[in-house]
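Here are a few notes to read alongside the model.

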Amino acid sequence: MRRLRNRLAGALLSVLALSLTATGCGGSSEAAPGGGGSTSSPAGASVANRVEPLAPGPEPRLPVTVPSADGERVTVQAAERIVPLSGSLSEIVFTLGLGDRVVARDVTATFEQAAKLPVVTRGHDVSAESVLSLRPDLVLAETTSGPEEAVDQIRAAGVPVLFVEAAGGLDDVGPRIRAVAGALGVPAAGKELTRRSEQRIEAVRKGVPHREEPRVAFLYLRGSASVYLIGGKDSGAGSLIEAAGAVDAGAASGLGKDFTAITSEALVKAAPDAILVMSKGLESVGGVDGLVKIPGVAQTPAGMDRRIVSVEDGVLLNYGPRTDQVLKSVVAQLYGEDGAE
């Protein structure tokens, strides 16, 4: 059932992972703030390539038994060797102040503190053998992690596997942090990090201009794999776009699915004033010049103005401790550094 529910999400993660492997894990930004046509982000718009751990780091109090998002209850006896199966979960563990206990990473864990860890998973392509070779005492997984057989093999070896609901929007920041913190035996740190993260997000939201609501379309691009998709209601980008004072153009045009293949008709109907993309996706189609050559893009207000917002792949839709920086980057690129359109 889990595999059926998350088939598309897993496919997208696999494409993202392959792209990151082929092009390197570092994110870069190629955005045109305010329709200026430039391919560089405004100063201060980039998301920091480091996480900011709580200090001092907490000391886990174990064992604990906690609910897992797959319906199981998981008992964690120790958390000395942790393997998170996504970049987002790695970010949470490191920001809680327990990064020294992480022994491996997913290819999407692109922040600096995790860079030297061995890569044992690539999005939806978990290698049970690689994970087990590191003798983990806890594996943290998304509900989109798989294949299911690999996760089952890890559990069958006696390793606790905690599933955390995949991020879908800003409302998931706190619950995901608290779920991970609870499993690591540091619930107080989870509450502290949740409070810090939500306060920072709210501070950015208060500074968003509200003179108008630009229509923003989220495009998922992987030129090397010929994947060109437009996000709809369940793409995961909607709440971020709305928090930036904008309208999710795909959802507003009636796209009810998470992603739909890009067509000229779909783009014309969405009529975005700006386009949101992952930076590696933008690079994969040849930057802004290549993006406007995709059929239909040049005919949109965003394409005509070359108004492109890009954020690093490894952090855009994480909905975690760095989401305030993501939102700040989107706002700065969308409206300009001073909030002027």
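**Notes on helix α3**

1. Helix α3 (residues 87-98) is largely enclosed by the rest of the structure, because 11 of its 12 residues are buried (under 20% relative accessible area, 1.4 Å probe, protein chains only). Helices here are DSSP runs of H or I, at least four residues, and strands are runs of E, at least two, numbered from the N terminus.

2. A word on the source: this is a predicted model, where local features need pLDDT of at least 70 and side-chain atom pairs count only at pLDDT 80 or more, while totals for chains, interfaces and linings use all residues. Residues are numbered from 1 along each chain as its sequence is written, and side-chain values use heavy atoms, with hydrogens and water left out.

3. Among the elements covering the buried residues of α3 are β7 (138-142), β8 (161-164), α6 (173-183) and α7 (187-206).

4. Take a look at α6: it packs against α3 at an angle of about 65°, with the axes 10 Å apart (lines fitted to C-alpha atoms over the stretch in contact, with angles from 0 to 180 degrees between N-to-C directions). That makes the two helices α3 and α6 roughly perpendicular (65 to 115 degrees).

5. Where they meet, α3 brings Ser88, Leu89, Ile92, Val93 and Leu96, and α6 brings Arg176, Ile177, Val180 and Ala181 (contact is heavy atoms within 4.5 Å).

6. The largest nonpolar core has 63 residues, and Leu96 and Val180 are among those with the most contacts inside it (a core joins buried Ala, Val, Leu, Ile, Met, Phe, Trp, Tyr and Cys through side-chain atoms within 4.5 Å).

Notes: Buried < 20%, exposed > 50% of the residue type's maximum accessible area, 1.4 Å probe, protein only. Parallel < 35°, antiparallel > 145°, perpendicular 65-115°, else oblique.
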